[in-house]
Every structure is written in structure tokens, then in C-alpha cells.
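Okay everyone, thanks for coming. Let me put the structure up.

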Amino acid sequence: MESSLYIHIPFCRKKCYYCDFYSIPAAARKSDGKSLPNDLSDAYIDAVVSEAAFYARQYGIDRWKTIYVGGGTPSLLSPSQIESLFHGVGKSASFDGVTEVTVEMNPDDVRPDFVEACAFSGVNRLSLGVQALDDKALAAVHRGCSSSSAMSALEFLDSVWKGRLSVDFIAGLPLQTFSSFRNQFGKIFRLNSVDHISLYTLTIEEGTPLGKMVDSGDIPFSPDKVDRMWIEGRNILEKNGFVQYEVSNFAKPGFESRHNSVYWKLQNYVGCGAGASGTWYGGNFDDGCALRWTNTRSVPSYVDFWSGSEVDYSSVPRDCEMLDRKTLEFEFLMMGFRMREGVLSSEFERRFGKSLLSYENSSGRKFSEIFFEWKKKRLASVLESPAGEIYCLNRRGILLLNRFLEELL
């Protein structure tokens with residue numbers, strides 16, 4: 001049995017103003033050298049390794065299909081910790097050069113010893129959170145690095161890193177101009193190792209520092225500007241050989257993220273670490289067969305539990321929910337239509353035992369009625385393949401994905 005593995009490192013030096021993901025400040029050491037409760041200590045790494053081993057035994061996992069270390073800021077790990085982490089999870093289930101193994105990094109954490117430790121540990125893909133090459137925009141959202149340090153990190157990786165390299169950008173950051181937004185891509189295209197780019201639109205999340213500044217009027221925000229900037233970015237990427245294969249993800253052909261496709265295709269993945277989520281589908285989609293869990297966000301509670309000598313499955317510190325058939329059907333469509341390749345009708349029928357066209361939303365409208373209205377508006381297409389009909393949103397339609405999903409819900 002194989003499964004993907006997500007490992008959460010929930011520590012950051014400081015939180016960006018737009019971020020509402022779960023993360024906590026990495027605590028400093030006490031003067032006596034002992035760790036504070038939120039410190040990124042070896043005990044946290046050991047707890048993650050123990051949790052991964054537990055799920056490997058629980059579900060009979062003998063191979064990790066993909067591994068993704070995200071956060072937070074995984075690049076806060078020391079070289080010895082990154083090596084311990086991968087050595088540990090490799091003992092519970094194997095992974096090799098075929099497995100896609102990704103570690104997220106911040107540009108200001110790129111250093112030779114960490115990169116060497118990643119390569120030694122089997123990491124073959126780095127994901128660099130650049131966000132923008134514009135100092136005013138970076139400062140406005142409390143990012144920790146400058147555009148020059150980000151480019152220095154990228155150029156260093158381009159010269160020494162032998163694996164794959166992905167870069168994250170955000171369209172519509174405060175004080176970001178169209179000119180600086182356009183120009184940053186030209187700098188990236190000069191780097192041979194960058195084969196994947198994630199391009200997100202800035203989302204104002206309620207309760208974040210940026211959300212409060214927008215609400216108060218201290219920071220101007222125009223959704224229309226954000227959308228226009230993202231579309232311009234998409235056009236630039238496509239003209240330079242990066243294919244949009246998912247709403248926010250672009251890759252050179254053959255370099256799509258295999259780990260993220262696990263989420264989009266509703267395949268099993270184990271989530272380890274404080275605040276991590278996992279979903280186990282059990283091999284079929286019968287009512288109640290899919291389990292989704294989210295681990296406790298208390299780092300001390302998490303470490304204390306997984307540091308114990310014996311683990312009681314019934315008392316794992318996590319919240320669980322069982323996903324019923326109707327929820328799974330909608331999630332299959334929601335995730336499938338995020339991808340430009342769309343939804344394969346025969347796969348829907350295989351999983352749920354009924355025709356895709358017969359799917360009904362909460363108001364009783366059938367998929368066939370909704371989809372063909374979008375097709376009539378030239379926002380969707382039906383393609384023929386040897387495996388069956390493929391239903392997908394086209395280049396214009398995917399811009400309206402959320403509206404489409406609202407009709408399916």
C-alpha cells in the first residue's frame with residue numbers, strides 16, 4: 001500500500017500580514033539553552049517521525065508515494081534535523097528517487113548546508129516562497145526578505161541545485177505596480193532550474209493584519225486590479241512555456257506537482273505534525289468510508305502524546321470527521337474542475353456507481369443541466385478520450401471557477 005505524506009512545520013520567524021494559515025512564532029532559546037514550549041526542537045521532529053510510523057502501521061503503508069514538507073517555514077530546520085526527519089520517515093515506509101520529495105523554503109533561509117542536507121536526504125524538489133520581487137510590496141505585507149536577497153537565493157540554487165525548483169508569486173500585493181509585477185517574471189525565466197510557478201491572487205482574510213488595514217482604509221485594495229494583474233501574469237507565463245494545469249499552478253510540460261495532484265484527485269494522504277490534516281479514503285467511496293482528521297494545534301500537547309512509549313489510537317489528539325457519499329461526490333467535482341484536464345466521467349462512475357450527468361446539487365439541479373449551460377456560454381467543453389468523456393472548464397471558464405462550484409453545491 002502506498003500513500004502520500006504531508007509534514008507540517010508550523011513555525012515561522014514572523015507571520016506575514018496576509019497569512020491566515022496555522023503557524024506560530026519560533027521561540028528563542030532560554031538563557032540556559034533549554035527549549036521553550038514552541039521551540040522547533042529535536043523533540044518535535046521525533047514526534048513527527050513517531051506519528052508517521054504509527055499511520056504506516058495503521059494503514060499498511062510500505063511506500064510513500066510523495067512527500068511534502070510545508071509550513072510555516074520548514075527551512076527553519078537545521079541540517080541535522082532535516083536529515084533526521086527523512087531518515088525517520090524512511091524507516092516507516094520507503095521512498096526513493098522516483099518519489100517526489102518537496103521542501104518549502106523561504107529565500108532568506110537558502111544556505112549551502114541546508115541545501116546539501118536536503119539533497120543528501122532524498123529531497124528532489126524545492127518550493128521557494130518568493131511572493132514578489134518588489135521591495136515596497138514585500139515590506140507592505142511584512143515579508144522578511146528583500147527582492148535582492150530573493151534573487152541571490154534563486155541564482156545560488158540555479159547554480160548548485162540538481163533537483164526541481166518551484167517558485168510562488170502573489171498577484172495584487174499592496175503597493176505592487178503592474179510594471180514591477182511584469183518585470184519579475186523575466187528575471188525568473190533566465191533561471192534554468194525553475195520548472196514550476198504557483199501564481200496566486202491576493203486574498204484578504206478576515207482577522208489578519210492586512211485584513212484589518214484594508215478595512216480601516218490604511219491600505220487600498222481593488223479586487224479588479226488583483227484580477228487584472230493575475231490574468232496578465234497568466235498570459236506572461238503561458239507565452240514563456242509554462243502551462244496552466246491547475247487554477248493557480250503553471251509548469252513546464254512534465255513538471256507538474258505530483259503531490260498536489262494527490263489532493264486534487266482525492267487520493268490517500270497522511271498528515272503529520274501539529275495542525276496537519278490527512279484524509280484516508282479506504283479504497284472506495286461507500287458512505288462513511290472516508291476519514292479526515294486535523295491534528296491539535298498545541299505543539300506541547302502534540303509532542304507529549306507522540307513522545308509516549310505506547311500510542312492509543314482512540315486518544316490521538318486530533319479532530320475527525322467522516323465524509324459521506326454526497327460530500328465526496330462534490331469534493332471530487334470541486335477538486336477535479338480546479339485542474340485544466342477536468343473530470344473524467346468514467347472515473348466518477350467507477351468511484352460512485354452512477355453517471356456524472358445524474359449528479360444533483362442541493363437544489364435538485366442535475367450536473368447535465370448546469371454544465372451544458374456553461375458549455376452554451378462557451379465557458380466549458382466536453383472532450384473525447386479513450387477512457388471516456390472529459391468535462392472541463394476552458395481558459396475563460398476557469399476564471400469563474402467559484403461561481404461554477406456554487407452552482408454545483
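So, a question to start: is Phe189 buried, partly exposed or exposed? Keep in mind that we're looking at a predicted model. Phe189 turns out to be partly exposed, with a relative accessible area of 25%.

Now let's find its partner. Phe185 is buried, at a relative accessible area of 0%.

How do we talk about two rings like that? A pair of aromatic rings is described by the distance of the centres and the angle of the planes. Across the model, the count comes to 30 aromatic pairs. For Phe185 and Phe189, the ring centres are 6.4 Å apart and the planes are at 25°, and planes under 30 degrees apart count as stacked, so this pair is stacked.

Here's another pair, with neighbours in numbering. In Phe371 and Phe372 the ring centres are 5.7 Å apart and the planes are at 90°, so we call that pair edge-to-face. Phe371 is buried, with a relative accessible area of 0%, while Phe372 is partly exposed at 37%.

Rings can also join up into groups. Phe54, Tyr55, Tyr59, Trp280, Trp293, Phe305 and Trp306 are linked by ring pairs into a cluster.

The charged end of Lys326 sits over the ring of Tyr359, 4.1 Å from the ring's centre.

That's it from me, happy to chat!

Conventions. Residues numbered from 1 in each chain as written. Predicted model: local features only at pLDDT ≥ 70, side-chain atom pairs only at ≥ 80, totals over all residues. Heavy atoms only, no water. Phe/Tyr/Trp six-rings, centres within 6.5 Å; stacked < 30°, edge-to-face > 60°. Buried < 20%, exposed > 50% of the residue type's maximum accessible area, 1.4 Å probe, protein only. Lys NZ or Arg CZ within 6 Å of the ring centre and 35° of its normal.
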